[in-house]
Number of protein chains: 2
Amino acid sequence: MASPTVLTANAFPTFPLPPKATTSPPTSSGPIQKAELDASKLTYTFTTNSSPIPDEVSAGCSDLTVVTDHIITATWDISTGWAAPELKPYGPLQLSPAASCLHYATECFEGLKVYRGYDGKLRMFRPEHNCARMRLSATRVSLPSFDPAELQKLVTTLIAVDCPRWLPKDRAGSFLYIRPTMIGTHAQLGVQAPKAAMLYIMLAFIPRLDSPAGGMRLLTSPQDTVRSWVGGFGYAKVGANYGPSLVAGQEAQREGFHQTLWLYGEGECTEAGGSNFFIVWRREDGKTEVLTAPLDDRIILDGVTRRSVIEVLRGGVAGDVEVAEGKYTIGELLQADKQGRILEAFVTGTAYFICPVSQIRHNAKDIHIPMGHEGKHGDITGRAKGWIYDIMYGRQEHPWGVAIPESQGL
Amino acid sequence: MASPTVLTANAFPTFPLPPKATTSPPTSSGPIQKAELDASKLTYTFTTNSSPIPDEVSAGCSDLTVVTDHIITATWDISTGWAAPELKPYGPLQLSPAASCLHYATECFEGLKVYRGYDGKLRMFRPEHNCARMRLSATRVSLPSFDPAELQKLVTTLIAVDCPRWLPKDRAGSFLYIRPTMIGTHAQLGVQAPKAAMLYIMLAFIPRLDSPAGGMRLLTSPQDTVRSWVGGFGYAKVGANYGPSLVAGQEAQREGFHQTLWLYGEGECTEAGGSNFFIVWRREDGKTEVLTAPLDDRIILDGVTRRSVIEVLRGGVAGDVEVAEGKYTIGELLQADKQGRILEAFVTGTAYFICPVSQIRHNAKDIHIPMGHEGKHGDITGRAKGWIYDIMYGRQEHPWGVAIPESQGL
């Protein structure tokens with residue numbers, strides 16, 4: 001090699017690195033009061049071009065998600081805080097090619113549903129948990145904080161405006177999917193917490209996924225792929241958990257399975273696809289146990305359906321069963337299967353609700369899990385599902401079912 | 001509790017889950033030939049409203065990234081493949097609020113620079129590695145594949161069009177930053193590999209970051225936060241690696257540090273911020289060693305500057321030093337510091353180039369690392385940096401410096 005130029009002190013003009021932060025973090029108030037997210041400031045611009053209401057089946061299965069007439073957006077800026085939210089006709093977003101969310105995954109979302117009850121009312125199911133988790137997720141990726149109650153008011157308003165027409169009273173037993181999303185919009189390629197963001201909420205059709213013919217089939221995650229890890233962000237509903245999981249999901253589908261059963265460490269069962277996973281088995285001591293992965297190492301999502309299932313089963317809805325949050329491995333499931341101790345399995349989540357699992361494949365070994373009558377869910381799965389279904393659809397009055405008045409505004 | 005409705009087999013109408021995949025994966029050709037990314041099909045629409053060229057310092061430090069006149073975009077669709085790329089005036093993107101990249105972090109990027117040489121020529125530095133890594137990153141998050149050589153041609157074209165004016169010959173020793181990006185644009189809220197995507201390339205000003213006054217100061221990552229893990233995606237330049245790392249970065253800045261030194265497992269040093277990290281120390285056997293984390297467990301990025309530094313030091317540019325890729329812990333650094341064996345430290349990356357590190361804090365203990373004359377880089381750091389600098393800026397003809405003809409078109 002030829003001899004190199006050894007740089008002297010002055011060879012590189014020095015440009016400042018970002019200065020030591022002297023401003024307050026985004027969530028606390030600095031000397032200038034920053035506006036909080038405030039649903040009462042919502043402005044309304046109604047569409048003059050309402051879409052026709054599609055039938056539920058074709059809309060749910062469309063290759064492009066079918067949405068309702070309106071969207072609610074709220075922008076945030078580090079110096080001024082939250083601007084007044086806007087309800088307006090649904091349409092594309094204009095984003096800078098340099099927007100933080102397109103490079104650094106400064107993005108998070110929630111998934112809820114609005115249900116048209118058999119009593120004619122619209123309801124959400126425990127929405128306060130989703131709204132609180134949205135804040136948790138946002139702050140995990142340096143997006144701004146907000147009062148979850150304000151998010152819930154905005155969601156409620158969008159439902160009140162769009163659902164009388166999009167989820168009409170003659171569709172009792174149907175639902176729409178609610179997708180609150182937050183993205184970093186700051187057009188800065190420097191790797192940093194975004195100084196501008198946008199919250200938006202949309203309502204959409206998604207298919208019913210809770211009763212696939214023959215039950216859901218799971219393929220365990222590839223040996224070389226781990227979804228989430230201790231010290232990571234598996235507990236937050238951030239985009240970063242999803243994109244990198246899709247390769248394994250595609251592989252499972254190519255093999256004829258619906259979802260990936262994500263293993264961790266020594267084969268601990270964690271989540272199935274983007275849902276929580278439950279096993280129902282007869283323990284070696286003969287006791288029937290419903291078991292799901294624990295939250296304490298923060299590698300799985302604290303699902304609203306998950307916690308509800310745990311609570312209703314502990315409440316005795318399926319009689320005398322133990323309900324536990326604890327680690328268990330695919331090896332233990334294989335062993336239990338050999339001994340005929342596996343009774344049921346299911347996944348829980350907003351999209352899949354409570355969906356029975358009939359098969360798990362791991363290293364070319366299959367666990368075939370009993371289903372109930374006529375190839376549907378087993379008894380314990382069905383009892384939890386029925387109980388929650390009745391609350392969602394107004395067959396059972398319960399504080400978990402939050403009715404939404406169908407007048408416009410808050 | 002009141003007795004629940006136990007659901008019967010017919011209570012839930014069954015809607016189809018996504019069918020077992022029968023189409024080919026995106027990267028292979030199906031019965032219908034899908035178009036490949038093809039730079040020769042590029043169309044040109046030039047701006048009629050050129051921006052004035054800003055001075056380098058203010059543009060680099062702007063709160064909103066300052067970009068050049070044009071952007072190149074190319075869209076991809078699962079059924080037709082890659083459309084003809086377009087060079088057009090830089091402007092906002094229109095994206096569906098349901099676009100995959102805004103929810104599921106189906107996004108990746110690259111970072112390169114174009115240098116205005118002292119010989120008057122424009123050059124990139126080993127761009128074929130960035131283009132190859134872009135493909136690796138894209139496929140890790142289920143985005144479409146492409147021929148890296150075509151991406152390099154597109155980057156070259158954008159430079160050829162915009163840099164005669166934006167990085168003129170009287171700015172020898174200056175650079176612009178190149179940001180190829182790919183995002184999933186498919187408007188589907190179902191968690192799945194996107195069926196539509198967009199590649200785009202922009203040129204931007206970023207500050208010089210390689211010589212902060214007094215050197216770069218690093219704070220080790222919080223005990224409860226891990227950037228990347230074995231089985232994850234730390235080796236890929238995907239958005240999902242960045243958003244979740246920002247909280248620790250903000251914390252470091254609040255404490256007066258520039259970046260986070262990411263630890264793994266038993267305190268292994270991995271990356272610093274978004275850069276690779278090197279230590280130069282005297283081993284216990286007296287030998288001078290330059291050491292950086294290895295690639296084999298795939299938790300760190302295979303940096304182009306990293307590999308170049310390794311290669312030039314192995315080539316003897318700094319005399320008789322050992323150069324090793326291997327695990328080493330913060331505990332070993334603390335121990336070596338006590339014994340006065342730490343000689344230099346630096347980070348490498350496109351944005352930070354080769355930037356000396358002067359301090360590492362871990363659990364309230366400080367390692368103060370010697371800097372060179374006048375508070376700049378030490379000798380070994382400076383020799384590697386000088387060698388590579390000379391190639392970038394045309395002082396040394398070398399195959400790593402890829403000159404770009406300043407005529408329009410390919």
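In these legends a residue is called buried when its relative accessible area is under 20%, and every view is taken from a predicted model.

**View 1. Strand β15 of chain A lies among covered residues.** Strand β15 of chain A, which spans residues 288–292, is mostly covered, since five of its five residues are buried. A:T288, A:V290 and A:T292 point one way from the strand, whereas A:E289 and A:L291 point the other way, and all of these residues are buried.

**View 2. The neighbours of β15(A) are β14(A) and β16(A).** Strand β14 of chain A (residues 275–282) runs antiparallel to β15(A) and is joined to it by five bridges, and in this pairing A:F278 has A:T292 as its bridge partner. The hairpin that the two strands form has five residues between them, and there A:G286 takes a positive phi near 90°. Strand β16 of chain A (residues 322–325) instead runs parallel to β15(A), with four bridges joining the pair, and A:T292 stands opposite A:E325 of β16(A).

**View 3. Helix α8 of chain B is largely enclosed by the rest of the structure.** This helix covers residues 379–392, and its 14 residues reach 20 Å from the first C-alpha to the last, which is close to the 20 Å expected at 1.5 Å a residue. Because 12 of the 14 residues are buried, the helix is largely enclosed by the rest of the structure; among the buried residues are B:I380, B:W387, B:Y389 and B:M392. The helix is followed by B:G394, whose phi is positive, near 75°.

**View 4. B:I159 sits in the largest nonpolar core.** This core has 98 residues, and A:I159 and B:I159 touch the most other members. When residues up to four places away in sequence are not counted, B:I159 touches B:V114, B:L122, B:M124, B:P164, B:I178, B:L203 and B:I404. A second, separate core of 94 residues includes A:V280, B:Y115, B:M198 and B:V304.

View 5. The structure holds zero disulfides over all chains.

Notes:
Residues are numbered from 1 along each chain as its sequence is written. Chains are lettered from A and ligands numbered from 1 in the order in which they are written. This is a predicted model: local features need pLDDT of at least 70, side-chain atom pairs count only at pLDDT 80 or more; totals for chains, interfaces and linings use all residues. Side-chain values use heavy atoms; hydrogens and water are left out. The expected span of a helix is 1.5 Å times one less than its number of residues. Buried means under 20% relative accessible area, exposed over 50%, partly exposed in between (1.4 Å probe, protein chains only). A nonpolar core is a set of buried Ala, Val, Leu, Ile, Met, Phe, Trp, Tyr and Cys residues joined through side-chain atoms within 4.5 Å. Contact means heavy atoms within 4.5 Å. A disulfide is a pair of cysteine sulfur atoms within 2.5 Å. Two strands pair if DSSP finds at least two bridges between them.
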